[in-house]
Amino acid sequence: MEGDEMKKTDQTIEASDLLTEGMGQLDLDADSEPDFEELDVDKWDEGKGDEIICSAPSELSFSEEPALPPVLRRKRDDLYAILAAENVDKARLIQMARSEGGLVDDEIRKKAWPLILNISDEQTEELPTQEEIEAHPEYKQVVMDVNRSLKRFPPGIPYDQRVALQDQLTRLILRVIIKYPNLCYYQGYHDVAVTFLLVVGEEKAFYILEKLSTEHLRVCMEPTMDTTSRLLNTIYPLINRKNPQLHDYLERSEAGTLFALPWFLTWFGHSLSKYNAVVRMYDFFICSAPHMPLYVAATIVLHRTDEVFETQCQMDYMHGLLSQLPDTLPFEEILRQAERLYIDFPPESIEQEVHERTLREYVESLGFVVIW
C-alpha cells in the first residue's frame, strides 16, 4: 500500500479472528531497539502533529504464551461461568479484570469488555459513507498512521486481509471523530483503536472506542495538548512522595515527562512489545480511573530506581532509558503497586504540587528562572 490512498477490498474479515488462525510467530531480536525520531519539544503545544509519539512503535509479538498455570486456568473457568450466568455479576467481573492475570484470554475479553463499559449488544448505528470518511480533514493523517501501524497487526496476514483490516481501522477511527466533532484525533489514537479492533471486531470496537473517547481519553482529544501536559506532571509528585532522592535526581537530569507521553496517550500500547502485555493493561485500565495510567507510569519509574541512578544525569541519557520498557518488567506487581499508590495519594491530594510544577514549567518556558 502506497501513499495516502487506502486500497479498497470487498473482502469481509473479522479482525478478532486473526488472532486465532495460527498465522505464525514473530521472533523479535532482543538486541534491537526502535529508532527514535528527532525530538521536537516545540511541537508539544502545537496539538496533534507527527512528533507527538517520538519513538517507533514496538513490534508486537503474538507468539504463543506458555501454558496457563493452574490458578489462571481456574480463573478462566470462573470467568466463563460468570459470563454464562443469566445475570452477570459485573462487580465480580471488574474485580477479576483488575486482579492478577486480568481476563486471561481474548474470548473472554470479547464478551467482558463491552459488559464492563455498559455497552449493549443491541446498539446499532448507521455507518458513514466512504465519501464522508474521505472528506474528513483528518482522513489523510489517519491513513498515514494506519499505514505505519503494520507492526501492531498479527504477522503473516495475507495482503488482501491486511488491506481489509487497515480499512476497518481507518473507518473505526473516523467514525468516532465524525460523530464527535469536538474530539480531535491524535497520533497514538490508532494504537488504542487497533487493540480493540483485534479483540472484539469493528462494530464492538466502535462502541468501546466511543465510550472511552468521551470519558477516559477525552482530555487527550482536546484541540491542544495543554491538559495532557499538565496531567503528565502528576508523575513527579508521586515519585517525590515515595522516593525524594529519585525525584531530585530526575529533576536535575531535566528528563521532563515526554518519555511518558506515549504511555498515557496509548495506554502503553505503543511501547509494549508483547500483545498479551498490552491487552492485560487494557483489562486494568478500562476498570480504573482515567488517571491510572499516570500512576502506572510513576510506579514503573520507581521500580527502575537503580537503573535511573546508574544513568548519567542528563536529559538525553535519562529519556533514552525511561522511554524504553523492558519486557522483563514485573507488570502484575507494578499494577498492584500502582493501585496502592492511587489509594495512598489520590489525584486531589497532589493537585497543588501538579499545579506548581505546571506553573514553573510555563514560567521557565518564558525564559525566567524560578526559585520556589
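A salt bridge here is a side-chain nitrogen of Lys or Arg within 4 Å of a carboxyl oxygen of Asp or Glu. Arg280 and Glu332 meet that test, with their closest N and O atoms 2.8 Å apart. The model is predicted: local features need pLDDT of at least 70, side-chain atom pairs count only at pLDDT 80 or more, and totals for chains, interfaces and linings use all residues. Residues are numbered from 1 along each chain as its sequence is written, and side-chain values use heavy atoms, with hydrogens and water left out.

**Overall make-up**

- The protein chain has 18 helices and zero strands. Helices (H or I, at least four residues) and strands (E, at least two) are DSSP runs, numbered from the N terminus.
- Of the 372 residues in the protein chain, 50% are buried. Buried means under 20% relative accessible area, exposed means over 50%, and partly exposed lies in between (1.4 Å probe, protein chains only).
- Among contacts in the protein chain with a separation of 6 or more, 79% join residues 24 or more positions apart. A contact means heavy atoms within 4.5 Å.

**Salt bridges**

- The structure holds 22 salt bridges.
- Arg280 pairs with Glu332. This pair links distant parts of the chain, 52 residues apart: Arg280 sits in helix H13 (residues 275-286) and Glu332 in helix H17. Arg280 is buried at 7% relative accessible area, whereas Glu332 is partly exposed at 21%.
- Arg98 forms a salt bridge with Glu339, and the closest N and O atoms are 2.5 Å apart. The partners are 241 residues apart, with Arg98 in helix H2 (residues 90-98) and Glu339 in helix H17 (residues 331-344). Arg98 is partly exposed at 21% relative accessible area. Glu339 is partly exposed too, at 23% relative accessibility.
- Glu251 forms a salt bridge with Arg357, with a closest N and O separation of 3.1 Å. The pair joins helix H11 (residues 244-253), which holds Glu251, to helix H18 (residues 351-365), which holds Arg357, across 106 residues. Glu251 is partly exposed, with a relative accessible area of 24%. Arg357 counts as buried at 6% relative accessibility.
- Glu251 and Arg357 also belong to a network of salt bridges with Arg360 and Glu361.

**Surroundings of Ile239**

- Ile239 lies in helix H10 (residues 235-242). At 1% relative accessibility, Ile239 counts as buried.
- Neighbours within four places in sequence aside, Ile239 is in contact with Pro244, Leu246, His247, Leu250, Ala298, Val301 and Leu302.
- Ile239 and Leu302 are 63 residues apart along the chain, yet their C-alpha atoms are separated by 6.7 Å.

**Packing of H1 on H3**

- Helix H1 (residues 70-84) and helix H3 (residues 106-116) pack at an angle of about 50°, with axes 11 Å apart. That makes H1 oblique to H3. Axes are lines fitted to C-alpha atoms, for helices over the stretch in contact, and angles run from 0 to 180 degrees between N-to-C directions. Angles under 35 degrees count as roughly parallel, over 145 as roughly antiparallel, 65 to 115 as roughly perpendicular, and the rest as oblique.
- H1 passes H3 in a left-handed crossing, a term for the near helix being turned anticlockwise from the far one by less than a right angle.
- From H1, the contact uses Arg76, Leu79, Tyr80 and Leu83; from H3, Glu107, Ile108, Lys111, Ala112 and Leu115.
- The residues of this contact divide into six nonpolar, no polar and three charged. Ala, Val, Leu, Ile, Met, Phe, Trp, Tyr, Cys and Pro count as nonpolar, Asp, Glu, Lys and Arg as charged, and the others, Gly among them, as polar.
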